[in-house]
Amino acid sequence: MNIKRIMLILVIGALVASFFALDLNQYLTLESLKQNQQQLAEYIASNWLQALIGYFALYTLATAISVPGAAILTLGAGALFGFGWGLLLASFASSIGATLSFLASRFLLRDWVKNTFSKKLESIDKGIEKDGAFYLLSLRLVPLFPFFVINLVMGVTSIRTWTYYWVSQVGMLIGTAVYVNAGTQLVEINQLSDIVSSDLILSFVLLGIFPLIAKFILGALKKRRVYKGWQKPKKFDRNIVVIGAGSAGLVTAYIAAAVKSSVTLVEKHKMGGDCLNTGCVPSKSLLHASKLAHVHHNSARAGVNYEAPTIDFAKVMNKVQEVVKAIEPHDSVERYESLGVNVLEGTAKIVSPWQVDIETEHGTQSLTTKNIVIATGARAFVPNIPGLKDIDYLTAENLWELREQPQRLVVLGGGPIGCELSQAFARLGSHVSQVEMASQILGKEDPDAAEFLKEQLIKDGVDLHLNTQAIAVECDKGEHQLVVEQEGKKSRIPFDKILVAVGRQANLTGFGLEDLGIETDKTVITNELLQTKYPNIYAAGDVAGPYQFTHTASHQAWYAAVNALFGAFKTFKVDYSVIPWATFAEPEIATVGLNETAAKEKGVEYEVTRYDIGGLDRALADDHARGFVKVLTQPGKDKILGATIVGANAGDLLAEFVMAMKHGLGLNKLLGTIHIYPTMAEANKNIAGVWKKAHAPEKLLSYVEKFHAWRRN
């Protein structure tokens, strides 16, 4: 640290220390202002210019070194100098003082922060460069943080000093005016009747409603800035247009119709989206068939013997489609139109913040709308592996067209989709080779949970390749081979079909986002209300992230619909605090909230309680005595931070923990809840019992033991 920085720190430190050592803060109170009002007024009357300069210097210094009392100084400016001069004095003094504090922060901290947090600061600087002035203006108009904190934090960013000064000058002007005006009235209270004077009441009202006024002004400025160059229609055809009829789109449209708004739902492919047609529904149907095929492996232990099954693969896949067809009416055009939704089958394009053009087989229809909800979902991500796109590869989208069972199947990916389909095909008789880059499958889960499924996949005959990189797809003498590399060694895996299950990517192109400048980064970027850069355009579901679960899409849809239709009166921030998920292989793995892996990454302190399902009566009776329940709690408390269940029906069992976390119920409440015997749900009560035993009040129990001994004698 150079001598200039040391000197500046010493000067600031000495000024702050002197302020508190000399108890100068006693003069920066409303009582002191009232007591000394007459003397100060007399001095100002005879030494007006000196008083103005002195007060300006005092105010500037107090703001620059961030000592308390700025609010009193602002009130005092109005009380002593009147509204006009008081506003001029306080406005410029506060802005100059804030800028001096900003410069001190930049001089003292910028280099250290830049060197220590270079990557984070670089991304922040990019945002500041783009929207720094508007962001600072919002902080000045609606002060979420104390102004001295804003001065210090903004000092380490790249915002220009002049920009910082003039935005602060403008942003603080309204708030300063309100306080100065209040100051002109507060000093006039000399008797009880003065309290009800109209001017004083107005001043207090202005102080009270200032945050609302500032929020309104900020919103108006933001809208003016965002919608610049667009012509808003005078009337609208619809209250809301929803693009995409997957889970998020269907629920949004349902809610909109239920509250009697005019809503159009646009779908270019199939109603129901991925979940119904290519995801949740067909995969669970296939898993069901594979479990039936696997029954004979364990039935002999119960004295029931089956011959090894023969698999009619085409019939299995036809049954999958029958299940899809059975559920289709729930999401059909006919049902939604009967609910009051205008459903259009075609391709939508957003051409302005209030207009959507829909191209159908009958031509193009243009609709003006108050709000738009983007719910375009996601599709399978296909990595750029040389040779892969030259062959007829499978994804979770076209897999269901298969009618001939692949004898040798390679599955790329060790996530939930890859694991579920690997197990299903292996149990149906295919030789499955599963390739995963990481050291464990199910990277979001705890290692002990993932290990259970790993062992079962191997038992089911899956040839599992962990820490393995797919290099290329080659064809040798008519045989397809996947070239892989593990620990520096290359090898080849022959296959008949290859299934790509390495993740999903949001559908972001083809419907006008680029033309409107709506920002994306793997997903559509939204705020906590699910709004895009245009406050009337929302995004929900897989296209919005951060989770790609059907139930999360439905959850987001409620917020998108309600905020879009009623946001002028009340808005709701989307709540991601209790998000459950499950992998529906055997054993099932279900998690809600934090697991140990996430808690360690976030630095959250926790206690872990574990219960072995192997000791549960119903699990023993059903030959499901495998797996565990693991709960994370706050140290020393029964508050649930998260839960993981591994075993039969884990996804169903988790619901009790989801409800407990959502409504703030701890393990003591679960322990005091009656659970039917014998059921798998008793595992949830039993783990609460394990936690209670570990937290038993031993000292109190020793006294109770002595009490009982005394009673016996």
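Axes here are lines fitted to C-alpha atoms, for helices over the stretch in contact, and angles run from 0 to 180 degrees between N-to-C directions. Helices (H or I, at least four residues) and strands (E, at least two) are DSSP runs, numbered from the N terminus.

This is a predicted model, in which local features need pLDDT of at least 70, side-chain atom pairs count only at pLDDT 80 or more, and totals for chains, interfaces and linings use all residues. Residues are numbered from 1 along each chain as its sequence is written, and side-chain values use heavy atoms, with hydrogens and water left out.

**Stop 1: two helices.** Select residues 416–427, helix α16, and residues 447–459, helix α17; their axes come within 10 Å and cross at roughly 25°. That makes α16 roughly parallel to α17 (the term covers angles under 35 degrees).

Now show side chains. C419, Q423 and R427 of α16 meet L453, Q456 and L457 of α17 (contact means heavy atoms within 4.5 Å).

**Stop 2: the sheet.** Select the four strands of an open sheet, ordered β10-β9-β8-β14 with parallel pairing (two strands pair if DSSP finds at least two bridges between them). β10 (463–465) and β14 (497–500) stand at the edges with a single partner strand each, so one side of each has no neighbour in the sheet. Ignoring direction, neighbouring strands are turned by 15° against each other on average.

Stop 3: Select β8, residues 408–412, which runs parallel to β14 and is joined to it by four bridges. Pick L412: its bridge partner in β14 is V500.

**Stop 4: back to α16.** Helix α16 packs on this sheet and touches β8, β9 (431–435) and β14. The direction of α16 makes about 165° with that of β9.

Definitions and conventions:
Parallel < 35°, antiparallel > 145°, perpendicular 65-115°, else oblique.
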